[in-house]
Amino acid sequence: MTTTGGGIGMIAIGAGGLDVAVAMGGGAYYITYPQIVKVNLTGKLSDWVSAKDVILEVLRRMSVKGGVGKVIEYCGEGVKTLSVPERATITNMGAELGATTSIFPSDEITLSFLKAQDRAEVWTELKADDDAEYDEVIDIDLSALVPMAACPHSPDNIKTCEELGEMKIDQVCIGSCTNSSYVDMMKVAHILKGKTVHPDVSLAIAPGSKQVLNMIAENGALADMIAAGARILESACGPCIGMGQAPNSKGISLRTFNRNFLGRSGTKDGQIYLVSPELAAASALTGVLTDPRTLGDMPKISVPEHFKINDNMVVPPAAEADMDSVEVLRGPNIKPYPETAPLVDSISCQVSLKVGDNITTDHIMPAGAKILPLRSNIPAISQHCFTVCDEDFPRRAKNMGKSIIVGGSNYGQGSSREHAALAPLYLGIKAVLVKSFARIHRANLINAGILPLTFVNEADYDKIGQGDEIEIANVRADIEADKTQLTVVNKSTGAEIPVLCELTGRTKDIILAGGLLDYTREQLAKQ
């Protein structure tokens with residue numbers, strides 16, 4: 001998760017693969033200037049309350065769409081009480097706010113962490129100016145927070161442990177990019193040491209890196225986990241994206257991950273709750289959701305003064321002089337990029353799908369063990385597009401030849417998964433008309449040459465139904481003329497619906513060319 005870098009003062013912004021490829025090839029990376037939200041932290045976390053509870057509180061207040069077009073900047077005296085791994089947990093899940101990124105200052109806490117990683121020479125102090133101005137301010141008293149959980153099926157569906165009660169659970173998964181640091185692992189090992197996982201619970205733990213795994217193996221913490229009955233997984237996304245450890249049907253799974261979207265776990269009716277490592281480990285022992293504050297005195301586990309440094313598996317890229325000799329191997333499962341074409345004069349087609357609010361990239365292009373191996377095969381992976389919402393969508397869209405999708409607010413939230421644009425492109429989607437977009441997905445649609453449209457009046461969402469015939473006349477000429485308001489005519493009902501097509505000069509040219517690859521070729525040809 002790119003935004004994790006905000007924990008050490010990095011402006012770490014997620015981006016679609018094509019945008020990154022163009023930038024790596026020497027092109028520019030473009031982004032709309034965001035608003036800045038100040039989250040003012042005061043006080044100090046109580047025992048057994050964690051950084052996970054901080055970001056769950058922010059999600060409770062702002063929602064999964066409250067951060068769209070915004071950078072979240074953490075400030076205040078409470079910042080000094082949080083270690084770099086704790087800060088990284090908070091910035092990691094800033095993506096679930098829809099935020100452009102989240103950031104902490106780079107201070108003496110950051111320097112101490114970098115020293116422990118033998119990287120002190122790269123440290124620079126970075127902080128907000130004393131007279132910095134913000135578009136919005138949120139105040140959070142860390143000492144007032146309690147253990148919480150994000151309930152199915154959204155990271156902003158927040159309830160406290162007390163509200164949820166002693167809910168019976170089936171599975172616990174600890175790890176992912178959000179909560180798999182050395183300190184997280186040591187806290188979990190402390191809770192599990194000398195105990196046994198409840199017989200009705202399956203516990204899986206994924207240390208966050210080779211470094212973390214090495215260190216807990218050497219100090220005995222890994223043995224404590226294994227002795228307690230935990231299954232140790234590789235340092236990877238794993239269960240977070242449905243790659244193994246799918247819960248039983250309707251099973252309740254407590255996970256320290258960042259997302260709990262419907263079906264993401266690999267089980268369509270799995271009930272996924274997002275919690276802290278402390279709460280997860282305590283619950284694994286009791287078989288019910290357990291407030292970690294019942295565990296007694298909290299151990300003092302700090303970031304190590306020195307991490308084990310071993311980069312023997314890091315392979316540097318080929319030298320520039322040898323680049324031409326590097327062979328790119330393409331197996332039979334790697335298929336060409338979907339065909340694109342310049343924007344047509346008018347769009348006339350059916351609505352192949354209508355969906356509601358907060359559609360995620362996991363709804364559009366699911367993950368999981370069955371699907372992820374097809375990432376290089378767009379024709380094959382497209383057969384799973386939107387099947388979480390409508391199993392018949394891929395066949396219907398392909399048979400229509402061309403169509404549009406209609407959606408609600410915050411369409412495309414979640415990961416930067418560009419396959420959520422490439423699969424619809426392959427299936428003939430020409431435009432997506434919604435109440436509002438998540439930033440990265442909108443950019444990915446533009447890069448794929450799919451027209452991103454938003455309702456001028458959100459109530460007009462009700463004037464279009466799945467299967468309706470629609471027309472957007474003279475769309476190419478209107479976009480060339482820099483018109484931002486177009487008209488969608490529902491030929492099935494006669495309704496005329498004003499829509500916004502807000503494109504800058506560059507994104508306008510990308511859409512007219514048929515996508516970012518076509519646009520890039522045109523620009524290179526002019527040089």
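Glu 278 counts as buried, at 2% relative accessibility (buried means under 20% relative accessible area, exposed over 50%, and partly exposed in between, with a 1.4 Å probe and protein chains only). That's our way into this predicted model, where local features need pLDDT of at least 70, side-chain atom pairs count only at pLDDT 80 or more, and totals for chains, interfaces and linings use all residues. Residues are numbered from 1 along each chain as its sequence is written, and side-chain values use heavy atoms, with hydrogens and water left out.

**Around Glu 278**

- You'll find Glu 278 in helix H9, which covers residues 277-286 (helices, H or I with at least four residues, and strands, E with at least two, are DSSP runs numbered from the N terminus).
- The side chains of Glu 278 and Lys 187 are joined by a polar contact of 3.3 Å. That term stands for a pair of N or O atoms within 3.5 Å; within protein, one must be able to donate a hydrogen and the other to accept it, and residues adjacent in sequence count only if both atoms are side-chain atoms.
- Setting aside neighbours within four places in sequence, Glu 278 is in contact with Trp 48, Ser 50, Lys 187, Ile 191 and Pro 292 (contact means heavy atoms within 4.5 Å).

**Cysteines without a bond**

- How many disulfides are there? The count is zero, going by the rule that a disulfide is a pair of cysteine sulfur atoms within 2.5 Å.
- Take Cys 173: its closest cysteine sulfur belongs to Cys 240 and sits 9.7 Å off, so that's too far for a bond.
- Cys 177 is in no disulfide either, and its nearest cysteine sulfur, again in Cys 240, is 6.2 Å away.
- As for burial, Cys 173 is buried at 1% relative accessibility, while Cys 177 is partly exposed at 38%.

**Backbone features in loops**

- Pro 152 and His 153 are linked by a cis peptide bond, with omega at about -5 degrees.
- His 153 belongs to the loop between strand S5 (148-150) and strand S6 (158-160).
- Asn 358 isn't a glycine, yet its phi is positive, near 55 degrees.
- Asn 358 sits in the loop between strand S12 (347-354) and helix H10 (361-364), and it is partly exposed, with a relative accessible area of 26%.
- Asn 474, another non-glycine residue, also has a positive phi near 55 degrees.
- The loop holding Asn 474 runs between strand S16 (469-472) and helix H15 (475-480), and Asn 474 is partly exposed at 49% relative accessibility.
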